[in-house]
Amino acid sequence: MAVGLKPLGTLYPVPGFELGVASAGIKKVGRRDLVVMRCAPGSTVAGVFTQNAFCAAPVLLAKQRMQQPVQYLVTNTGNANAATGEPGLAAANAVCQALASQVGCSLEQVLPFSTGVIGEPLPVDKIEQALPAAIADLTEDNWALAAEGILTTDTLPKGASLQVEHEGVTLTVTGISKGAGMIRPNMATMLGYIATDAKIAQPILQNMLLDATNQSFNRITIDGDTSTNDSCILVATGQAAMPTLEKAEGTLYHKLREAIFSVAKQLAQAIVRDGEGATKFVTVQVNGGATAQESLDVAYAVAHSPLIKTALFASDPNWGRIVAAIGYAGLANLDTSLVQVYLGEVQIVQDGGRAASYLEEQGAAVMQQAEIDIRIELGRGSCDETIWTTDLSHEYVRINAEYRS
């Protein structure tokens with residue numbers, strides 16, 4: 001039911017970054033569910049991780065190892081290895097050790113990632129048995145298969161890629177992500193991997209990822225739930241014939257920053273388009289907030305309202321639900337007489353009440369569309385924020401009711 005999400009386009013190989021895919025049979029026999037990624041020696045790596053207090057065992061280990069030179073990433077689907085305590089940490093470490101032993105690196109140079117069912121023991125034996133096949137499959141042009149190998153309830157793989165020129169050198173930025181449910185990231189998405197062949201100092205790379213995340217993965221929501229396993233990794237392999245970017249300034253910095261932002265935004269929006277059971281892709285834009293946070297508070301109040309989300313599914317222009325959500329978003333001393341609300345180009349609320357020009361047929365026509373814009377003008381300041389969300393359908397309930405079956 002993906003809304004406007006097309007099959008993968010061209011995903012340019014990133015020199016110095018290889019991906020290998022295999023089937024471990026974790027949840028379903030024959031399904032690609034194990035991905036190994038190799039970073040060229042000298043690569044710099046940045047990461048952002050979930051702020052859920054029940055963060056998964058692989059998240060805990062990956063966060064600890066970010067200060068070490070990272071050489072390999074290993075991802076399994078079908079099992080989150082979350083809420084598994086010390087046995088979960090031991091299991092994640094066992095997978096990392098098995099990989100390290102086979103490729104000849106240290107345990108600390110391997111970052112683990114998992115996604116799937118929470119609270120179940122990680123099937124280490126299955127993963128270890130599949131590692132040789134994933135390692136043998138390592139190649140720079142395996143992005144598309146890796147995008148399939150990290151999926152759970154997603155209906156389509158998600159990837160984005162672009163190239164930029166700088167002083168005669170072509171630089172590549174390519175990324176993949178997964179996520180369709182349990183999506184309200186509080187740092188990144190369920191899982192995301194972006195790589196570039198540029199040479200970027202680690203502090204600059206980390207700041208680039210934080211900025212990109214805050215404008216992409218931290219601006220999406222499907223069901224308001226933040227995963228225990230959210231992780232997003234940005235790798236700079238340094239294979240391009242260019243100097244190391246060491247300062248957040250200059251033409252090269254801005255080109256790379258915009259390229260990474262663009263890829264992250266495309267991946268984030270793809271997650272929303274493929275939201276579990278989604279039939280609508282909804283942009284909620286809130287302008288004129290006194291602060292960025294209050295604009296976000298209003299946007300998320302609208303995006304998370306079950307009444308609004310079900311009205312979107314039903315194509316019902318019940319604009320009173322939007323007004324109610326704005327009202328309970330928690331803005332101090334909100335002057336409702338300044339509030340304007342639009343569905344697409346149709347003004348439905350003017351100066352806090354029903355717009356005199358508004359006709360129900362106009363709102364219904366907008367709500368019938370697969371892609372809908374909700375724009376709210378608060379008239380309190382100059383801070384604007386935009387997030388992306390979905391409707392809430394019968395299919396979402398079915399998918400999550402049957403998730404473990």
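**Exercise 1.** How much space lies in the second largest cavity, and which elements each supply at least two residues of its lining?

*Solution.* Start with the ground rules. This is a predicted model, where local features need pLDDT of at least 70 and side-chain atom pairs pLDDT 80 or more, while totals for chains, interfaces and linings use all residues. Residues are numbered from 1 along each chain as its sequence is written, and side-chain values use heavy atoms, without hydrogens and water.

Step 1: a cavity is a set of points on a 1 Å grid over the protein atoms alone where a 1.4 Å probe fits but cannot get out, and lining residues have an atom within 4 Å of a point. Volume is the space filled by probe spheres set on the points, which are joined across faces, edges and corners. The second largest cavity holds about 40 Å³.

Step 2: β4 (72–79), α2 (85–103) and β5 (110–117) each supply at least two lining residues; helices (H or I, at least four residues) and strands (E, at least two) are DSSP runs, numbered from the N terminus. β5 gives the most, with three.

**Exercise 2.** Find the edge strands of the open six-stranded sheet.

*Solution.* Step 1: write the order, β13-β12-β11-β14-β10-β15, with mixed pairing. Two strands pair if DSSP finds at least two bridges between them.

Step 1: β13 (353–354) and β15 (383–390) each pair on one side only, as edge strands do.

Step 2: check β13. Its antiparallel pairing with β12 (residues 346–350) spans two bridges, and arginine 354 in β13 is the bridge partner of valine 349.

Methods
1 Å grid on protein atoms, 1.4 Å probe; cavity = no way out; pocket = protein on both sides within 12 Å on 5 of 7 lines; lining within 4 Å.
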